[in-house]
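Open the model in your viewer and keep the selection tool at hand. The stops below go one at a time.

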Amino acid sequence: MHPRIEDYALIGDEQTAALVGRDGSIDWLCLPRFDSGACFARLLGDENNGNWRIAPLGADTCTRRAYRPDTLVLDTEWQTPDGTARVTDLMPQRERAPDVVRIVEGVSGRVTVHSTLRLRFDYGTIIPWMRKSGGHRVAVAGPDSVWLRSEPAVRTWGQDFSTHSEFTVEQGERVAFVLTWHPSHEPRPPLVDPYDALRVSVTDWQRWAARCRYQGPYRDAVVRSLITLKALTYRPTGGIVAAATTSLPEELGGVRNWDYRYCWLRDATLTLSALVNAGYHNEAEAWRDWLLRAVAGDPADLQIMYGVAGERRLPEFELPWLAGFAGSAPVRIGNSAVNQLQLDVYGEVMDSLWLARRTGLSPKPHMWSLQAVLLEWLRAQWRQPDEGLWEVRGGRRHFVHSKVMVWVAADRAVRTLEEHPEMPGDLEGWRALRDDVHQDVCEKGYDPERNTFTQSYGSRELDAALLLIPRAGFLPPDDPRVIGTVDAVRTELGHDGFLRRYDTSGAAVDGLPGDEGAFLACSFWLADALHLTGRTEEAKELFDRLVGLTNDVGLLSEEYDPVAGRQLGNFPQAFSHIGLVNTALALFGTDAAG
């Protein structure tokens, strides 16, 4: 049986990440970056596409597993008739090269453990040449080289294009494996002491988690979400990828499979808010600085997403040799939505930089001039249709959320000048733009018969992004149009108490066949909207249900199927965990955040 998405846990070194299954198998790992080719791609295929499994001989799934408290260090245990063994998995902070450390420890009895390493570079297609060198097994194929060693050395052999090891551990005995990647034209990097790496990793993660200011209910879930956001951060640049994976399906067996190993501007404000309010100003500044570098240049060239270092070209193609997760094809690399026009991202950028200024992040001298240029471009272009927040592939429309975010861009510019009159800018002109957009949305994007805003001008469809109207400040929460919109969205897009993004039936909007699950970030937005409109107890009940969807180690994917009771979409999903943090802060007050 193919593992479920929620059967995986995450380890990482803030430059890439691996997914570890309940069976002790690492089924996904891209080296050296999040968006590099995978050397383990069983997640999207089978064992022949690469994996690394360590488990007791003959054992299946583990008996229990958990992260060490407030860390990204994973302990997995198996109880067998012969005793109990534990595997501890981590990726230590790298200095030069990425390492995967796996430490096997005997807990009781005498347990025989087997390791099977199948390296398959370039997303599961390339079998490397293996050789021995000074106690290591060395794999080389083109630009990639991987070194494997164990401490102490154990019996190891090659068989069926795989590297096998087998040994026994008794109580207190340990065997550590270290897998290290480096460019094949460079010498082997310095060796990592696996036990020192474990000690330092636990200390560093717990020290980082202790900085969290939130002390309210569900603190463990909030801290786990923040650790996950940290793990999805590309440390050299501060960019935060949407997820560690590509092509985990939004519908099992369907085609809604996308590459999420990039940085989306739509996440900017909510990400910044979560980091700042939880007490992580350094990370917030790094994200803000990544944002400024990524969007620099001609405003007409602003993209909806970028690579982890701000790369602009993310061409989309398919990998036909991978069958897809649970047969969900195609598997896609890259994302052609990068070329779409989404007017909302201009509002996201303006809102994030406004928030950065108001929350006391260190000033950047060029920030305001960039914002002014962005707004001037928006003033000339805002009346055109776009593809909208959800990157639809069914044609451009006048999406209401996009126009609301245009209003946000103008509003934040006006408020900045009102608070800092010494700064240059067309205050009156931007006020007029703000008023024009507001009037346009209220006249063309609102259905008075149903007392709700709609997904796009002239349509009857709804969109969960409309729930952000009061949060953005476009209308106050007690406005009857806001309350009506919250109720309509909840009724028409509700799915067993959770929320879909929009109605996918007929594929008229997004141009795609099939369906998708309840979108978890939107369900957190519903809890926020219920709270803002005075229904706090209902919001808390929904939040409790959402937290209950996390898997056994506290992780969330993008979506959830209430009928099948399983997670869907790329995993773990930053947008979902950002929603969890922000909703906890909203529901339980600033007092809970120190």
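This is a predicted model. Start by selecting Thr 88 and Arg 68: their side chains are joined by a polar contact of 3.5 Å. Thr 88 belongs to strand β8 (residues 83–90) and is buried, at a relative accessible area of 2%. Show its surroundings next: among the residues that Thr 88 touches are Val 73, Leu 74, Val 101, Ile 103 and Leu 198.

Next, select helix α11, residues 480–493. Its 14 residues should span 20 Å at 1.5 Å a residue, and the end C-alpha atoms are 19 Å apart, which agrees. At the N-terminal end, Asp 479 caps α11, with a side-chain oxygen 2.8 Å from the backbone nitrogen of Arg 481. Buried residues of α11 include Val 482, Val 486, Val 489 and Leu 493. The elements covering the buried residues include α10 (469–472) and α12 (520–532).

Now turn to the aromatic rings, which form 22 pairs in the structure. Select Tyr 218 and Phe 588, a tilted pair with 5.9 Å from centre to centre and 35° between the planes. Tyr 218 sits in the loop between α2 (194–209) and α3 (219–231), and Phe 588 in helix α14 (residues 574–588), 370 residues apart. Tyr 218 is partly exposed at 29% relative accessibility, whereas Phe 588 is buried at 19%. Ring pairs link Tyr 218, Phe 524, Phe 543 and Phe 588 into a cluster.

Finish at Arg 33, whose charged end sits over the ring of Tyr 234, 5.5 Å from its centre.

Note on methods
Residues numbered from 1 in each chain as written. Predicted model: local features only at pLDDT ≥ 70, side-chain atom pairs only at ≥ 80, totals over all residues. Heavy atoms only, no water. Helix = DSSP H or I, 4+ residues; strand = E, 2+ residues; numbered from the N terminus. Expected span 1.5 Å × (residues − 1). Buried < 20%, exposed > 50% of the residue type's maximum accessible area, 1.4 Å probe, protein only. Contact = heavy atoms within 4.5 Å. Polar contact = N/O pair within 3.5 Å; in protein donor to acceptor, adjacent residues only side chain to side chain. Phe/Tyr/Trp six-rings, centres within 6.5 Å; stacked < 30°, edge-to-face > 60°. Lys NZ or Arg CZ within 6 Å of the ring centre and 35° of its normal. Lists of a residue's contacts leave out its neighbours within four places in sequence.
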